[in-house]
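The sequence and the model come first.

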Amino acid sequence: MASDDTVSNSVKDSVASNDTAGGSKKAIVVEGGAMRGIFASGVIDHFLERGYHEFDFAIGVSAGATNLTGYLSRQPGRARTAIMEYARQKEFFSPVRFVRGGHMTDVHWLWHYTHQQLPLAEFVGDMELYATATHVDTGQAHYLPVTGNTVHDAMVATCAIPYFYRSPVTVNSERYVDGGVADSIPVRQAWNMGADDITVVLSQPLGFRKKDSQSHWLLEKMFAGEAGLMNAMKFRTAQYNESLDFIASPPEGCRVRVIAPPPEFAVSRLCMNEKKLVDGYDMGVAAASTYLEELYAPQPDLRIVSVA
């Protein structure tokens with residue numbers, strides 16, 4: 001299990017090095033996206049059903065991180081229940097409460113209520129887990145090692161969407177918000193941490209590119225007192241698309257495998273439609289099944305040119 005210290009303060013130099021002197025490392029990176037995390041729930045549950053635990057470490061963002069806790073604790077269905085049942089309750093999502101000055105999405109309630117109803121079991125195995133969070137003062141991505149001592153604070157921090165969750169979350173005396181602000185898809189960080197075989201679970205179909213916001217003036221108004229965070233918000237689109245570019249064209253010696261929703265995936269960030277969520281979960285299961293089938297498919301002997 002990892003120590004409780006922050007692994008890295010910035011994603012900017014994450015392609016600068018890759019230490020694989022100790023041999024090949026496999027990592028899984030899971031994107032967030034609030035309710036879109038239902039797709040990753042299906043992926044993780046199928047991995048658990050098939051007993052697939054071949055990664056050395058995992059990095060999750062927001063809902064991606066909470067999904068991964070159920071992977072390490074070997075609790076299939078836990079994240080699905082949290083999204084399908086608890087996240088659709090008014091205690092989590094409440095526009096009325098938000099208008100009155102409260103949280104739009106109360107991630108503290110959701111995480112702790114889930115833990116109350118479905119207690120998180122101890123992590124099994126040696127796979128390390130890191131939760132991506134955005135440091136409020138610097139605007140940089142921190143990768144928080146998730147242990148039994150830090151899991152509750154880390155999960156709330158990585159999910160705390162700025163403005164929708166009114167106050168930053170304090171971990172080890174540092175203030176954090178949603179990791180998706182600074183590093184939505186930490187595939188470059190996985191490479192920098194020594195992984196050369198990286199599986200990325202996305203929350204958007206292949207071909208998606210994030211469009212730049214035309215409301216920078218609004219960001220400046222909303223986060224005027226937090227220069228580092230405001231800067232990260234402004235560059236979020238560029239950072240996101242750079243991660244997609246890394247996935248499409250990884251460095252020499254790096255293999256990236258992608259599990260992404262199909263084009264018909266209809267779950268939005270705050271989708272509350274039960275059928276869409278069920279369908280999204282089933283799409284995750286199907287995508288994971290295809291992934292494993294391709295992974296274990298027999299490879300042809302390329303030395304055999306012809307059998308005639």
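A residue counts as buried under 20% relative accessible area, as exposed over 50%, and as partly exposed in between. Y163 has a relative accessible area of 37%, so Y163 is partly exposed. The model discussed here is predicted.

**Backbone angles**

Most residues other than glycine have a negative phi. Y163 is not a glycine, yet its phi is positive, at about 80 degrees. The residue lies in the loop between α6 (151–159) and β5 (169–171). A34 is another residue other than glycine with a positive phi, near 55 degrees. A34 is found in the loop between β1 (26–30) and α1 (38–50). With 18% relative accessibility, A34 falls under the 20% cut-off and therefore counts as buried.

**Salt bridges**

Side chains of opposite charge can pair when their charged atoms come close. In this model the count of salt bridges comes to 6. Three of these pairs are listed below, with the distance between nitrogen and oxygen.

| E242 | R188 | 3.3 Å |

The salt bridge between E242 and R188 has its closest N and O atoms 3.3 Å apart. This pair links distant parts of the chain, with E242 in helix α10 (residues 236–248) and R188 in helix α7 (residues 187–192), 54 residues apart. E242 is partly exposed, at a relative accessible area of 41%, whereas R188 is buried, at 10%.

How far apart are D279 and K275 in helix α11? They are 4 residues apart in this helix (residues 274–296), which means a separation of about one helical turn. D279 is partly exposed, with 29% relative accessibility. K275, at a relative accessible area of 57%, is exposed because this value is over 50%.

**Cysteines**

How many disulfides does a search of the whole structure find? It finds 0 disulfides. C159 is buried, with a relative accessible area of 13%. C254 is also buried, at 10%.

**Packing of α5 and α6**

C159 also takes part in the contact between two helices. Helix α5 (residues 107–117) packs with α6 at an angle of about 140 degrees, and the axes of the two are 9 Å apart.

Which residues meet where α5 and α6 pack? On the α5 side they are V107, H108, W111, H112 and H115. On the α6 side they are V151, H152, M155, V156 and C159.

Note on methods. Residues are numbered from 1 along each chain as its sequence is written. This is a predicted model: local features need pLDDT of at least 70, side-chain atom pairs count only at pLDDT 80 or more; totals for chains, interfaces and linings use all residues. Side-chain values use heavy atoms; hydrogens and water are left out. A salt bridge is a side-chain nitrogen of Lys or Arg within 4 Å of a carboxyl oxygen of Asp or Glu. Buried means under 20% relative accessible area, exposed over 50%, partly exposed in between (1.4 Å probe, protein chains only). A disulfide is a pair of cysteine sulfur atoms within 2.5 Å. Axes are lines fitted to C-alpha atoms, for helices over the stretch in contact, and angles run from 0 to 180 degrees between N-to-C directions. Contact means heavy atoms within 4.5 Å.
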